[in-house]
Amino acid sequence: MSTFKAPKGTYDLIPPQSAQYLAVREAIAAPLRNSGYGYIETPGFENVELFARGVGESTDIVTKEMYAFETKGGDRLALRPEGTASVLRAALEANLHKAGNLPVKLWYSGSYYRYERPQKGRYRHFSQVGAEAIGAEDPALDAELIILADQAYRSLGLRQFRILLNSLGDAECRPVYRAALQDFLRGLDLDEDTLRRAEINPLRVLDDKRESVQKQLTGAPLLRDYLCDACKAYHEEVRELITAAGVAFEDDPKLVRGLDYYTRTTFEFVHDGLGSQSAVGGGGRYDGLSEMIGGPALPSVGWALGVDRTVLALEAEGVELDLPSTTSVFAVPLGEEARRVLFAKVTELRKVGVAADFSYGGKGLKAAMKAANRSGARYALVLGERDLAEGQVQVKDMESGEQTAVGLNEVVAELESRL
Ligand code: AMP
């Protein structure tokens with residue numbers, strides 16, 4: 001061990017488990033790629049003001065959890081705590097919304113940073129795959145994203161997840177609700193912090209996890225009773241489309257989520273095997289965000305799914321991803337000349353697309369065959385001095401143990417056809 005350890009709240013992805021993470025990222029991305037979403041990558045840090053305005057001044061993410069710093073050049077930056085604000089910033093900067101093809105559909109995958117109290121499923125560095133559909137107000141788009149997330153989880157074999165759905169209203173009806181909720185909250189026995197939050201962003205109090213608070217919220221007014229006709233109709237259409245797609249969901253009238261920018265459709269994916277950090281993903285519509293960061297009106301919808309927690313959910317359900325071994329052929333040279341010849345064969349195999357590895361470090365036969373076994377390769381190629389003299393190489397089937405001699409000039413084609 002070195003003197004150093006991974007910083008608090010972080011962990012390393014290490015083989016073989018790291019393959020699970022890659023597979024999860026792939027599985028989440030696949031339905032998006034298949035549905036017209038283009039890949040976008042933005043910097044790991046942004047102007048701090050983007051998040052303050054975009055995510056919300058009163059959110060925990062901005063007030064407590066952001067890694068904000070000043071550069072030597074005097075810029076105020078922050079490691080990105082989430083993806084939506086950056087993606088929208090980038091889309092606006094590149095004028096993607098002006099290309100005349102709305103919605104702009106984008107997907108991303110990357111690392112995010114929040115200075116949180118670490119626990120299982122909650123880290124200071126974590127990984128998300130996300131999708132944003134920018135510039136269209138269409139319930140089918142909200143439905144599409146929910147359906148694609150459901151498809152991603154199902155393709156991984158997850159079953160014990162639930163989709164919680166709510167509508168947060170819009171600029172017309174939410175202020176009326178907000179005032180009613182504020183009135184209600186002012187009459188409760190709440191600590192100073194929470195009362196302050198009730199003044200700045202009362203909806204977020206609904207999200208308070210403390211039982212003492214939740215108990216008092218029993219009779220709180222609910223947004224669904226305040227939705228304007230347009231929001232009601234929109235939400236009903238989203239619900240119908242998801243239902244028609246055979247995707248089960250639960251209405252959760254108290255779902256608000258920890259980011260300020262959401263309007264109308266809001267959803268969260270929770271997994272019942274994860275204990276307190278049960279949210280595996282979430283998202284919703286954010287019709288006002290573009291204007292909040294200085295852009296034009298661009299109604300949009302998106303989600304982000306947590307890769308770390310999805311992997312934990314797989315573990316909780318005992319799902320083993322069927323990940324084929326990455327190495328197909330493992331080459332074992334015995335002697336100097338064999339090493340040169342076989343190394344060239346490995347290079348050739350790799351060129352034609354056969355995954356091949358090599359026994360390095362001049363190992364003897366026994367240790368090299370152990371390495372071949374560990375690699376999970378289907379075939380071992382063993383080249384000794386006598387084989388070399390005869391212009392052939394031993395091809396050992398690692399499953400059956402059967403061994404055949406194949407001409408050195410034919411072995412690449414032979415393996416290509418066998419695999
Ligand atoms: P949020 O933007 O907070 O809704 O996060 C979206 C998803 O990212 C969550 O559902 C989690 O799966 C994941 N996530 C958020 N914060 C963390 C964290 N600190 N550690 C691990 N995963 C996280």
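Arg 264 and Asp 170 form a salt bridge through their side chains, with an N to O distance of 3.5 Å; a salt bridge is taken here as a side-chain nitrogen of Lys or Arg within 4 Å of a carboxyl oxygen of Asp or Glu. Arg 264 belongs to strand S9 (residues 263-271) and Asp 170 to the loop between strand S7 (161-167) and helix H6 (174-186), so the pair ties together parts that are 94 residues apart in sequence. Helices (H or I, at least four residues) and strands (E, at least two) are DSSP runs, numbered from the N terminus. Arg 264 is buried because its relative accessibility is 6%, and Asp 170 is buried at a relative accessible area of 17%. Buried stands for under 20% relative accessible area, exposed for over 50%, and partly exposed for values in between (1.4 Å probe, protein chains only).

The structure is a predicted model, in which local features need pLDDT of at least 70 and side-chain atom pairs count only at pLDDT 80 or more, while totals for chains, interfaces and linings use all residues. Residues are numbered from 1 along each chain as its sequence is written, and side-chain values use heavy atoms, with hydrogens and water left out.

The structure holds 32 salt bridges. One of them joins the side chains of Arg 378 and Asp 397 at 2.9 Å, N to O. This pair links distant parts of the chain, 19 residues apart: Arg 378 lies in the loop between helix H13 (365-375) and strand S14 (379-383), and Asp 397 lies in strand S15 (residues 392-397). Arg 378 is partly exposed, with a relative accessible area of 30%, whereas Asp 397 counts as buried at 13% relative accessibility. A further salt bridge is formed by the side chains of Glu 116 and Arg 122, with 3.9 Å from N to O. Both Glu 116 and Arg 122 are buried. Glu 336, Glu 337, Arg 339 and Arg 340 are linked in a network of salt bridges.

The protein chain is divided into domain 1 (17-173 + 227-317) and domain 2 (329-418), with bounds that come from an automatic or database domain assignment. The C-alpha centres of domain 1 and domain 2 lie 47 Å apart.

Around the ligand there are 15 residues, of which Arg 114, Glu 116, Tyr 123, Gln 128 and Arg 257 come nearest; a residue is near a molecule if one of its heavy atoms lies within 4 Å of it. Glu 116, one of these nearest residues, is also the salt-bridge partner of Arg 122. By class, the shell around the ligand has 6 nonpolar, 4 polar and 5 charged residues. In this classification Ala, Val, Leu, Ile, Met, Phe, Trp, Tyr, Cys and Pro count as nonpolar, Asp, Glu, Lys and Arg as charged, and the others, Gly among them, as polar.

The ligand has an oxygen atom 2.8 Å from an N or O atom in the side chain of Gln 128. At the backbone, an oxygen atom of the ligand is 3.0 Å from a polar atom of Gly 281, and an oxygen atom of the ligand is 3.2 Å from a polar backbone atom of Ala 279. The ligand taken alone exposes 480 Å², and the protein buries 92% of that. These accessible areas come from the Shrake-Rupley method with a 1.4 Å probe. Strand S6 (125-134), strand S10 (279-285) and strand S11 (300-306) are the elements that give two or more residues to the shell around the ligand. The largest share of this shell, 3 residues, comes from S10.

Several backbone features remain to be described. Most residues other than glycine have a negative phi, and most peptide bonds are trans. The peptide bond from Pro 15 to Pro 16 is cis, with omega near 0°, and Pro 16 is found in the segment before helix H1 (18-33). Leu 102 and Pro 103 are also joined by a cis peptide bond, with omega about 0°. Pro 103 is placed in the loop between helix H4 (84-93) and strand S5 (104-113). The loop between H4 and S5 also holds Asn 95, which has a positive phi of about 55° although it is not a glycine. Asn 95 counts as partly exposed, at 35% relative accessibility. Arg 264 likewise is not a glycine but has a positive phi, of about 50°; this residue lies in strand S9.

Terms used:
Polar contact = N/O pair within 3.5 Å; in protein donor to acceptor, adjacent residues only side chain to side chain.
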